[in-house]
Amino acid sequence: MMNRSSLSTILLFLFFSASSAEHNARTERISGSAGDVLEDNPVGRLKVYVYELPSKYNKKLLQKDPRCLTHMFAAEIFMHRFLLSSPVRTRNPDEADWFYTPIYPTCDLTPTGLPLPFKSPRMMRSAIQLISSNWPYWNRTEGADHFFVVPHDFGACFHYQVEFNFDIKQEEKAIERGILPLLQRATLVQTFGQRNHVCLDQGSITIPPFAPPQKMQAHLIPPDIPRSIFVYFRGLFYDVNNDPEGGYYARGARAAVWENFKNNPLFDISTDHPTTYYEDMQRSIFCLCPLGWAPWSPRLVEAVVFGCIPVIIADDIVLPFADAIPWEEIGVFVAEKDVPKLDTILTSIPTEVILRKQRLLANPSMKQAMLFPQPAQPGDSFHQILNGLARKLPHDRSIYLREGEKVLNWTAGPVGDLKPW
Amino acid sequence: MASFHKEEEEAKAKAEEGKKSTTMKLSALHQSYLNRRRSPLDSSVDAPSKSFLAVFWLVLHCLCCLISLLLGFRFSRLVFFFLVSTPSSSNLYSPPFRPDLPPPRIDLTPSNATTAEVKTSSSRVVVGRHGILIRPWPHPDPVEVMKAHRIIERVQREQKAVFGAGGKGSRTVIAVTPTYVRTFQALHLNGVMHSLMLVPYDVVWIVVEAGGVSNETASIVAKSGVRVIHVGFDQRMPNTWEDRGKVEEEKLDGVVMFADDSNMHSMEFFDEIQNVKWFGAVSVGILAHSGNAEEMVMSMDKRREMVDEVEERSSLPVQGPACNATDKLIGWHVFNTLPYAGKSAVYIDDVAAVLPQKLEWCGFVLNSRILWDEAESKPEWVKEFGLLNENEGVESPLSLLNDPSMVEPLGSCGRQVLLWWLRVEARADSKFPPGWVIDPPLEITVAAKRTPWPDVPPEPPTKKKDQMSLSQGNNNVVVIPKQQQQQQQQQQQRSSKVRKPKRRSKRNKHEAKPTDTTTQVSSSTKHHQERN
């Protein structure tokens, strides 16, 4: 009995290894520090309860400005829609492991489409006040088993990086603002990730920014078209509106790229907005993903989807799903001070390493993990978020507070945030 | 005068206020000019210093206006600013900010790395900010450009290997070429060799030589970069026996195709044969070209006469699989020898077209596993090789099979002609220098029997008539070594640079210098006669 079962398992193992060996010729399996988790199925491993908030927090904002569905912060809206129809959703809050608050704090756009984060702290406060007064679950743990999707530039800090007078005191204050005090115990699902930065909480889950999947699918070209561009980048190098002198935007890294490599024929870099942007990425070997005002950018998602090796120029950045995806093996990291030597660095990478990176990028589960497809598909970003949440389970007993115990300071933060929304 | 000054200042103020409108400036200038004009009439008590000052201010004002017009901002203000304020920073503030100009940058040198971070007193460096780092020579380094191109080339090769052949992966192409040493062997073998060198898959080239291995063939074949198995064979060519031995011996795995050395293969042919499972057939274009040009001309006339047969004649005969509408093999197109009856030849050298007598091997490709001994996965419709009698040879490729209907038609069911069959050879008794290298220079005269063109082109009727005597009759081929020809040309070039040597030159130029040419010609004839 034992021999037969062991024999069959050995045979199965051989069969799978043989089939995967063939698969390996073109792609490679991706295993990060959390293991081989990209293809895990979260269903059955956690339960999420979705609060019912008045529509002024979500639907009305979207109705006012439908652009919120297409900009790079649209993950918060799609996450809400996904959870409403997902099998992990439970209508019984007592058996839920995680609680989700459907609020769209980034859906307040300027006429040009950039989000204004100034009212977001107040919106968040009022939402939390609502859920803490209508349901007992917030007070039970002071939010430690709640999670929020905050895809803005600096996550739950809800501000821009630099106040535009160059007084140093102002800058320090802006960073000192930190994460909204009420969210300090909650898990934040955000795009921003930078090590040793106040706006990145320890237990946060970093997600990729939203990139429209259908649009990218529509621009795919056959994979046998030879990659002839060495390095590709399209975007701003100087932000003349906000930083005319240069040196502040991207901490000077983008400007350094331009000044050093504008004469280099290997570097196809410019500020154009070509219609063939996606196709050009598929014809390139390296795609630069430098920081902007924030360290993350949708270029990373685009590079991964189109098989172009991302060259990440952002010191101390934390990339999406860093525990599930081994970014060191997939992308190239260049320190900002090494930008003048970028061509030397890139040409000195051994070809075997480059080919391996391309094989890793060709893995369909890698591409799927970066996308937010409508409707959701297995292995996509939604599922990776749930996997990340599932990996944090079971909750430690200490998060449950005793009766009457209060940890959060409801009056902390700038006075302007305390005004009702 | 005070009023004049006031007006002057008013004019200046007006000009400065309405700086951007040139009309106002003009009016100001006009006014000041009028003022100036008025002043000699008006005043009488003007001190020369005051007028000088007025003129000075006027001139300065006009100058400022003009410069402002050019530069587009308040030049006077800028001058004032520079004179009054102390320069506070090493960076020159360039007002106003022009987006097309690069902003002030910090050039980085390794020693000054820290000082580069120090900025003006008005702004402070944020933690982590480097300033815009630029290396001293921001231009591409040729060594790195080469490295990058090698990387690109390697990536593209990998892409091709993975995605190129329909993603199926590439099978080795085993090319079998029968050959023998002859005049045109180098011509044909080089052609096949170049085709095989271009094939993007692995190639094993089995060269079977009749009459044993020879150095000639070996030297030609060694220049290819592909793996070559050179085999000698002493009997009449039955095509596959030697190769089978080789294929079996080394367990070569791939697709076997027959590359006769005078055939022409297209690159798509190699892509298409990757698709063969066991036994495939492709369409071969037959170029039934006769070796005799006169014959060809005659046959073309005949073609024009036979109107009703035009259709048949104009299409290229093709040997290959025939399919019905549902792409199933139903038969074979073979070469119809009837129109050429009486005019065909078996051996090359006779004055007639060489035509294929039966099914040509080159139109068939096989999976090399068919030739292996162990019948692991061979389909039953393939005969065992051991059963076929070695001495008889294999008459037709189809006789290798028990069931000829299992042949796979390739190239969209025979509609694509992927290779061409041609037999063009020199005469059997033609001589050629070994290795096609002429060394030492020859001085041989060979009588040519039947060339349709005159052996030596007739000289143009110039003063060089003396040279006509050099040729010894129409039937002979004079092989003048090239060095001597060049010498003659050089002599004539030196004589007069106006004319081109040995070409029809204009009479006028000739007559200009009659004496020189004749002397030159006579000297060359003398020279030649001495040699003779």
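Q: Which residue is the bridge partner of F147(A) in β4(A)?
A: The partner is T187(A). This is a predicted model, and what follows is computed from it.

Q: What makes β3 and β4 of chain A a pair of strands?
A: Two strands pair if there are at least two bridges between them. Strand β3 (residues 146-150) of chain A is joined to β4(A) by 4 bridges. The count meets the cut-off of at least two, so they pair. The two strands run parallel.

Q: How many bridges join β4(A) to strand β5 (residues 205-206) of chain A?
A: There are 2 bridges. The cut-off is at least two, so β4(A) and β5(A) pair. These strands also run parallel. Within β5(A), T206(A) is the bridge partner of Q190(A).

Q: Which way do the side chains of strand β4 (residues 187-190) of chain A point?
A: T187(A) and V189(A) point one way. L188(A) and Q190(A) point the other way. In a regular strand the side chains alternate between the two faces of the sheet. All four named residues of β4(A) are buried.

Q: Why is helix α3 (residues 75-84) of chain A described as largely enclosed?
A: Of its 10 residues, 8 are buried, so the rest of the structure largely encloses the helix. The buried ones are A75(A), E76(A), I77(A), F78(A), M79(A), H80(A), F82(A) and L83(A). They pack against several elements of chain A, among them β1 (48-50), α2 (59-64) and α15 (381-391).

Q: Why is S120(A) called buried?
A: Buried means under 20% relative accessible area. S120(A) has 3%, so it is buried. This residue is found in helix α4 (residues 120-134) of chain A. Leaving aside neighbours within four places in sequence, S120(A) is in contact with P105(A) and F158(A).

Q: What makes the aromatic pair of F233(A) and F237(A) tilted?
A: A pair of aromatic rings is described by the distance of the centres and the angle of the planes. Here the centres are 5.4 Å apart, and the cut-off for a pair is within 6.5 Å. The planes stand at 55 degrees. Under 30 would be stacked and over 60 edge-to-face, so this pair is tilted. F233(A) and F237(A) are both buried.

Q: Which residues form one aromatic cluster with W135(A)?
A: Y49(A), Y51(A), F99(A) and Y137(A) do. Over all chains, the structure holds 24 aromatic pairs.

Q: How do you know that E329(A) and R356(A) form a salt bridge?
A: The cut-off is a nitrogen to oxygen distance within 4 Å. The closest N and O atoms of E329(A) and R356(A) are 3.1 Å apart, so the pair qualifies. E329(A) lies in helix α11 (residues 327-330) of chain A and R356(A) in helix α13 (residues 351-362) of chain A, so the bridge ties together parts 27 residues apart in sequence. Both residues are also linked with E28(A) and R359(A) in a network of salt bridges.

Q: Is K337(A) buried or exposed, and what of D338(A)?
A: K337(A) is at 53%, over the 50% cut-off, so it is exposed. D338(A) is at 18%, under the 20% cut-off, so it is buried. The two form a salt bridge, with the closest N and O atoms 3.7 Å apart.

Q: What ties R182(B) to D261(B)?
A: Their side chains meet in a salt bridge at 3.1 Å, N to O. R182(B) lies in the loop between β3 (172-179) and α6 (185-198) of chain B, and D261(B) in the loop between β6 (254-258) and β7 (264-265) of chain B, so parts 79 residues apart in sequence are tied together. R182(B) is buried at 12%, and D261(B) is buried at 7%.

Q: Where does the charged end of R182(B) sit?
A: The charged end sits over the ring of Y180(B), 4.4 Å from its centre.

Terms used: Residues numbered from 1 in each chain as written. Chains lettered and ligands numbered in written order. Predicted model: local features only at pLDDT ≥ 70, side-chain atom pairs only at ≥ 80, totals over all residues. Heavy atoms only, no water. Buried < 20%, exposed > 50% of the residue type's maximum accessible area, 1.4 Å probe, protein only. Contact = heavy atoms within 4.5 Å. Phe/Tyr/Trp six-rings, centres within 6.5 Å; stacked < 30°, edge-to-face > 60°. Lys NZ or Arg CZ within 6 Å of the ring centre and 35° of its normal.
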